[in-house]
Amino acid sequence: MSRYYPIVPLFCGLLLTGCAKLPDSYGLYQEPPSPWAVEQNNARLRSIESFIQAGKGNAAKQQADLINGSELTSQQQTQFNLLYAQILLSFGEAEQAISKLAITEIRQLGATDKIKYFQFQTFAYSLTGNLLESAKARIALDAFLTKPDERKKNQGMILETLGLLPESDPFLDLAKAIKAVFLAVHSRHNSSGSKPVSHFYDTKQATPAPIQ
């Protein structure tokens, strides 16, 4: 029986060696995209954005469908999700756009793209009739707007959206509380001339949106 003992360590060694790198199909290992693939996808992302800006939704979608998600870097995937959400919204596919935005890594977006993200989110939720989530997206958007007229318009839309919630909405009391705080802050601002300091908090993103 002892003659079989040396085979055991050898077998275990081969087994461990074979497990050191599993095929990509197991989802445990994936080669990083090549520099050529990264550059090609950067060009495609720029092309998609150009088509969107030109109002060519079909062309933008065709170009987007050529992209292999496994060949995208993390930053490219975030940009791709944002662009694809915009494409979906141009076709009125609000639910799909919301799903695409939900997997978008907001922290990887620049300030300008964060504005787009929350604008898309606001529009998508309004299309689905989810007024409270639409208002919450506007509250988050408010923190990234720098022009006073844009913030004033956005804050007006927040109040308008909250005021449209039906009496049967289970979150109506929450909406009324938010609206009351908003109006109280601005009432003090108008009477005292001092700059109001208050915050809405988006519970999903845990980020403050100051009211100014």
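At what angle do the axes of helix α2 and helix α3 cross, and within what distance do they come?

Reply: The axes of helix α2 (residues 35–53) and helix α3 (residues 57–64) cross at roughly 165 degrees and come within 8 Å, where axes are lines fitted to C-alpha atoms, for helices over the stretch in contact, and angles run from 0 to 180 degrees between N-to-C directions. That makes α2 roughly antiparallel to α3, a term for angles over 145 degrees. This is a predicted model, in which local features need pLDDT of at least 70 and side-chain atom pairs count only at pLDDT 80 or more, while totals for chains, interfaces and linings use all residues. Residues are numbered from 1 along each chain as its sequence is written, and side-chain values use heavy atoms, with hydrogens and water left out.

For orientation, the chain has nine helices and two strands, which are DSSP runs (helices H or I, at least four residues; strands E, at least two) numbered from the N terminus. Of its 212 residues, 33% count as buried, meaning under 20% relative accessible area with a 1.4 Å probe and protein chains only, whereas exposed means over 50% and partly exposed lies in between.

To return to the pair, Arg-44, Ser-47, Ile-48, Phe-51 and Ile-52 of α2 meet Ala-59, Ala-60, Gln-63 and Ala-64 of α3, contact being heavy atoms within 4.5 Å. These residues divide into six nonpolar, two polar and one charged, with Ala, Val, Leu, Ile, Met, Phe, Trp, Tyr, Cys and Pro taken as nonpolar, Asp, Glu, Lys and Arg as charged, and the others, Gly among them, as polar.

Helix α3 also packs with α4, at an angle of about 145 degrees and with the axes 10 Å apart. Here Gly-57, Ala-60, Lys-61 and Ala-64 of α3 touch Phe-80, Tyr-84 and Ile-87 of α4, and by class this contact has five nonpolar, one polar and one charged residues.

Within α3 itself, Gly-57, Ala-60, Gln-63 and Ala-64 are buried. Seen down the helix axis, the buried residues of α3 fall within an arc of 130 degrees, so they line one face of the helix; the arc is that of the directions from the helix axis to the C-beta atoms. An α-helix has 3.6 residues a turn, so residues three or four places apart point the same way. What covers the buried residues of α3 includes α2 and α4 (74–90), while Asn-58 and Gln-62, on the other side of α3, are exposed.

How values were computed. Parallel < 35°, antiparallel > 145°, perpendicular 65-115°, else oblique.
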